[in-house]
Amino acid sequence: MLSSEQHQRWERDGFLVLEDFVPTSRCRELSEHVNELLATIDPTTEGALSIFSTTEQSHARDDWFLESGDKIRWFFEQGAFEQGQLVRELPAAVNKLGHAMHDLDPVFSAFSRTPELAELATDLGFVDPKLLQSMYIFKQPTIGGEVICHTDHTFLWTEPQSVVGFWFALEDATVDNGCLWAIPGGHRTPVKRRFRLDGQGGTTDDFFDETPYPEADGVPLEVPAGTLIALHGTLPHWSAPNTSTQSRHAYTLHVIDGRAQYLDDNWLQRGDDHPLRGFVG
Ligand code: FE2
């Protein structure tokens with residue numbers, strides 16, 4: 001699927017932007033399906049008022065989050081609350097859905113398991129690709145929270161490193177509505193942090209290097225709907241808050257290689273009844 005020039009860019013930059021990877025009609029179908037899902041959700045479910053914030057890390061203490069690896073759960077934007085009260089309707093308040101839609105929901109499964117994506121994964125070096133994590137990210141108008149600079153390996157650690165993030169723009173992503181940013185070539189920098197279970201019901205961070213990533217070297221990845229951005233697991237990337245009145249829906253799928261060891265103290269764990277699956281079967 002990839003040209004030699006694209007392979008070189010992947011090796012050099014640690015990311016690859018593939019416009020028109022998915023027809024925009026398929027993007028809209030996924031968004032419409034999510035609207036239907038949201039209509040079935042009762043946000044007052046016990047434990048469900050979990051805010052996803054990469055600056056506060058409040059979700060990292062919530063069982064709602066920590067037990068979501070093999071479920072479909074919803075998380076809120078911090079800006080959807082005032083004085084501890086949810087002040088927006090669910091469709092305008094939710095930050096993301098996660099983290100197993102690709103296995104539990106047939107529409108998400110079909111979006112995730114396409115011959116094109118399987119071929120791309122093979123082209124990027126996967127021998128035994130396993131679909132580990134899915135997220136539907138809303139980046140709500142005016143309150144869409146920032147995602148601080150991180151690498152995906154930090155959260156989905158395998159030995160050796162194998163995770164690749166597949167980030168689908170379901171709507172146009174711009175600097176104004178909080179597009180991705182990445183540091184070209186930053187994937188060659190050793191990962192500075194590992195987020196993991198602490199063995200006591202919570203999570204902790206191991207910092208191997210406390211110096212910040214050189215975000216001034218970052219570039220915005222403004223892309224139209226239908227674009228797929230592949231992100232190397234050790235590539236530093238982030239997204240700014242959405243200060244615009246336009247939402248920026250995206251779908252992400254994180255894939256690891258079944259030949260690598262997925263660590264028992266990674267935050268995302270799945271029950272024995274939810275074994276990891278590949279692109280087929
Ligand atoms: Fe990420």
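**Burial and the model**

A residue is called buried when its relative accessible area is under 20%, exposed when it is over 50%, and partly exposed in between (1.4 Å probe, protein chains only). The structure is a predicted model, in which local features need pLDDT of at least 70, side-chain atom pairs count only at pLDDT 80 or more, and totals for chains, interfaces and linings use all residues. Residues are numbered from 1 along each chain as its sequence is written, and side-chain values use heavy atoms, with hydrogens and water left out.

Helices (H or I, at least four residues) and strands (E, at least two) are DSSP runs, numbered from the N terminus.

**The iron site**

The iron ion is coordinated by His150 (NE2), Asp152 (OD) and His237 (NE2), at 2.2 Å. Donors are N, O and S atoms within 2.8 Å of the metal (3.2 Å for Na, K and Ca); water is not among the atoms, so sites may look incomplete. Asp152, in the loop between strand 7 (147–150) and strand 8 (158–159), and His237, in strand 15 (residues 237–239), are 85 residues apart. Both Asp152 and His237 are buried.

**Charges over rings**

The charged end of Arg73 sits over the ring of Trp64, 4.1 Å from its centre. This term requires NZ of Lys or CZ of Arg within 6 Å of the ring centre and within 35 degrees of the ring normal.
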